[in-house]
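Q: Could you walk me through a few side-chain features of a model, one at a time? I would like the general idea each time and then the case at hand.

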Amino acid sequence: MTEKKAGDVIEVYTDGACKGNPGIGGWGVVLNGSGRTRELFGGEPHTTNNRMELTAVIRALEALKRRCTVRLHTDSKYVQQGISEWIHSWKKRGWKTADKKPVKNEDLWRRLDELAAQHDIEWLWVKGHSGHDGNERADELANMGVTSVKPGQAA
C-alpha cells in the first residue's frame, strides 16, 4: 500500500492464531485503502498467540511505505491496551511491569512502538468471531499462516 491521497484512511484488520499455546502460530492482515485491498499472512513453528497478534500488527505497519492515517482493528485486548495504555509505563520503568518483571514479548513491543510512531493510528478493539468482515478475513489469513508452517520446520 504505497499510494495515499489527502484524507485517505487505511483500514487495517489483524489477527493471530496459535495451535497450542505455545505451538504452531500464524498471523493475518487485511489492508484496505485507496480502493484497494491487500492481504498478508505468515506463520512460525513455535510461538504463542500473543506473539502472533503482535506480529500481525507489525507486518501490517511494515507494509505501509509512507506515513498514513490508520484505523487498526484487532480482536486482541493485549495488543490494543498494550499499545494504547501499558507501553508508556513499561518504557518509563525500563521495560519492566508494575511488579518489576521483564515485559513479555519486549522485542515485539519495541518494534511495534517504533513502527506506530511513523503513523497516525487509531487503535480499535473488535470482538473476535462476531461476524465483523475484516476481522473474520484476518482470522482466516492467520489460520492460513498456521497451515503454511511445514511439519518439523525449525524455529
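A: Gladly. Let us begin with a definition: helices (H or I, at least four residues) and strands (E, at least two) are DSSP runs, numbered from the N terminus. Please keep in mind that this is a predicted model.

Q: Thanks! With that in hand, in which strand is H73 found?
A: H73 belongs to strand β4, which covers residues 69-74.

Q: Is H73 buried or exposed?
A: The label rests on relative accessible area, and under 20% means buried. H73 has a value of 5%, so this histidine is buried.

Q: Which residues does H73 touch, leaving out those up to four places away in sequence?
A: With that exclusion, H73 touches E11, V12, Y13 and T14, along with L124 and V126.

Q: Why does the Y78 and W109 pair tie together separate parts of the chain?
A: Look at where the two partners sit: Y78 is in helix α2 (residues 77-92), while W109 is in helix α3 (residues 106-116), so the pair links parts that are 31 residues apart in sequence. Both Y78 and W109 are buried.

Q: And how are the rings of W86 and W90 arranged?
A: That aromatic pair is tilted, with 50° between the planes and 6.1 Å centre to centre. Both tryptophans lie in helix α2, 4 residues apart, which is about one turn of the helix. W86 is partly exposed, at a relative accessible area of 32%, whereas W90 is buried at 9%.

Q: Which residues form one aromatic cluster?
A: The cluster consists of Y78, W86, W90 and W109.

Q: A charge can also sit over a ring. Which residue lies over the face of W125?
A: That is K77, at 4.5 Å from the centre of the W125 ring.

Q: Finally, what about cysteines? How many disulfides does the count give?
A: A disulfide is a covalent bond between the sulfur atoms of two cysteines. Taking a cut-off of 2.5 Å between sulfur atoms, the count here is 0 disulfides.

Technical notes
Residues numbered from 1 in each chain as written. Predicted model: local features only at pLDDT ≥ 70, side-chain atom pairs only at ≥ 80, totals over all residues. Heavy atoms only, no water. Buried < 20%, exposed > 50% of the residue type's maximum accessible area, 1.4 Å probe, protein only. Phe/Tyr/Trp six-rings, centres within 6.5 Å; stacked < 30°, edge-to-face > 60°. Lys NZ or Arg CZ within 6 Å of the ring centre and 35° of its normal. Contact = heavy atoms within 4.5 Å.
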